[in-house]
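Student: I have a new model open. Can you show me how to read it, feature by feature?

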Amino acid sequence: MDALEIEGPVRLDGTVHISGSKNAALPIMAATLLAPGESVIEQVPRLADIAVLGQLLQSLGARVERDGADIHIDTTKIDHPVGEYDIVRKMRASICILGPLLARCGRAKVSMPGGCAIGDRPVDIHLRGLRALGAQIHLENGYIVATVPPGGLRGGPIFLGGPFGSTVLGTANVMMAATLAQGRTIIESAACEPEIADLANCLNAMGARVHGIGSPRLIVDGVTRLTPVRHRIIGDRIEAGTFLVAAGLTGGRLTLTNCQPDNMVAVVDRLAHIGVAVEARDDGCVVRRTGELRPADVTTQPYPGFPTDLQAQFMAMLALAEGNSVITEKIFPDRFMHVAELNRMAANIRKEGPCAIVAGVRELIAAPVMASDLRASAALVLAGLAAWGKTVVHRVYHIDRGYERIEEKLNAAGARIVRKDL
Ligand code: EPU
């Protein structure tokens with residue numbers, strides 16, 4: 001199994017090109033189900049999760065081909081509207097085919113995703129939203145079975161808030177299904193994430209009528225058909241945020257291209273507090289450390305708040321900030337698997353309920369560590385850049401799910417990382 005051996009400490013200096021956003025590309029690939037014909041999605045990162053969604057679309061009857069950074073998806077023939085367990089179990093985000101498949105075929109059967117290392121991750125709000133559009137839904141042998149009533153899906157007011165705020169893929173599913181429903185759907189407490197805005201823009205380019213993009217109140221006026229599209233995916237703000245931390249943690253300086261600092265206001269604010277300056281440029285930004293790392297309190301929230309997908313990476317950086325930091329996780333209260341692994345590298349972090357108290361240490365020391373999920377593994381790689389000695393991060397298949405050639409990008413900026421089969 002692949003592992004990354006990281007020799008530290010290093011000081012990063014260089015330019016990193018940010019890939020297309022994984023979490024925008026996944027629902028946008030699913031959206032092509034709504035428009036029979038060939039769509040071309042540009043700037044799609046080469047990631048394990050993208051390959052799984054491609055496989056899933058193929059299993060439904062679509063033709064999916066990669067051409068460099070583009071993916072061509074031909075959805076002329078969708079004759080098997082079933083998201084099989086064997087594919088869905090590899091990636092929870094597979095649930096994003098449910099809404100478009102239902103709207104396109106009038107019926108859909110999708111394996112119910114299970115939990116994962118970061119928590120239970122229910123899909124009750126997705127189902128509540130689709131039911132509000134008139135879908136009939138029941139569970140059968142671990143599958144969600146959904147059908148459209150005889151008169152078709154009907155728009156109406158839908159509240160999508162849950163105990164942890166909005167839901168990203170729940171909003172994607174309901175918005176996609178609503179594009180082909182009759183009448184007007186008003187989604188309240190919609191997710192405002194830039195990935196949802198990218199999806200809405202893509203849907204509009206297909207002929208949908210979505211208004212209020214980027215706000216918690218999305219208005220979708222149903223249309224009778226959508227047409228194939230050519231759409232370029234936005235830069236990945238979580239990958240960008242990970243490299244911002246890499247520069248901060250190593251006391252280095254990086255230029256990031258193909259990223260939008262406007263999408264990372266909460267992150268840039270926390271970085272400034274910690275002592276890491278981000279300066280916007282035409283197509284990206286320059287990030288550099290301005291002094292010693294300072295402690296900070298970080299609370300994850302739905303966008304535009306601080307993203308849960310950068311919580312672990314910030315924890316790795318705050319482990320080296322003199323003083324105490326409190327990290328509060330308000331999206332996935334159990335997303336702290338990285339705490340024990342960072343402590344194996346001589347960090348001093350204590351978990352208390354949905355919080356982690358990080359007492360800064362002077363240095364981290366290399367150790368063999370185990371990746372538990374995508375962002376936790378990124379945090380361990382970052383810690384390895386700053387730690388003394390050779391850190392080995394095992395189970396890096398987690399990182400390959402969401403970071404395109406992370407070791408090549410870091411090595412080009414001065415890191416010393418070798419991929420090994422251990
Ligand atoms: N929730 C419910 N019921 C639902 C749906 C969600 O209670 O029906 C809860 C979740 O358990 C969680 C909160 O609502 O507490 C927010 O979850 P959300 O639905 O927004 O998460 P998601 O759409 O499944 C996406 C990203 C995640 C990211 C979260 C939060 C994709 C493919 N995944 O997941 O990304 O952490 O939003 O921002 O877009 C990652 O890339 O590493 C990753 C995990």
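Tutor: First, the ground rules. This is a predicted model, where local features need pLDDT of at least 70, side-chain atom pairs count only at pLDDT 80 or more, and totals for chains, interfaces and linings use all residues. Residues are numbered from 1 along each chain as its sequence is written, and side-chain values use heavy atoms, with hydrogens and water left out.

Student: Which residues come nearest to the ligand?

Tutor: A residue is near a molecule if one of its heavy atoms lies within 4 Å of it. Here 23 residues are around the ligand, and D124, I125, T167, D309 and I331 come nearest. By class, the shell has 12 nonpolar, 5 polar and 6 charged residues. Nonpolar means Ala, Val, Leu, Ile, Met, Phe, Trp, Tyr, Cys and Pro; charged means Asp, Glu, Lys and Arg; the others, Gly among them, are polar.

Student: Which polar atoms lie by the ligand's oxygen atoms?

Tutor: A polar contact is a pair of N or O atoms within 3.5 Å; within protein, one must be able to donate a hydrogen and the other to accept it, and residues adjacent in sequence count only if both atoms are side-chain atoms. A side-chain N or O atom of D309 is 2.6 Å from a ligand oxygen. For R375, a polar side-chain atom lies 2.8 Å from a ligand oxygen. L169 uses a polar backbone atom, also at 2.8 Å.

Student: How do I read a helix?

Tutor: Helices are DSSP runs (H or I, at least four residues) and strands are too (E, at least two), numbered from the N terminus.

Student: Where does α8 sit in the structure?

Tutor: Buried means under 20% relative accessible area, exposed over 50%, partly exposed in between (1.4 Å probe, protein chains only). In α8, 14 of the 14 residues are buried, so the helix is largely enclosed by the rest of the structure. After α8 comes G251, with a positive phi near 70°.

Student: Which residues of α2 are buried?

Tutor: They include D49, I50, V52 and L53. G61, with a positive phi near 125°, follows α2.

Student: Is I357 buried or exposed?

Tutor: I357 is buried, at 19% relative accessible area. Its place is in strand β21 (residues 355-359). Contact means heavy atoms within 4.5 Å. Leaving aside neighbours within four places in sequence, I357 is in contact with S325, V326, N348, I349 and R350.
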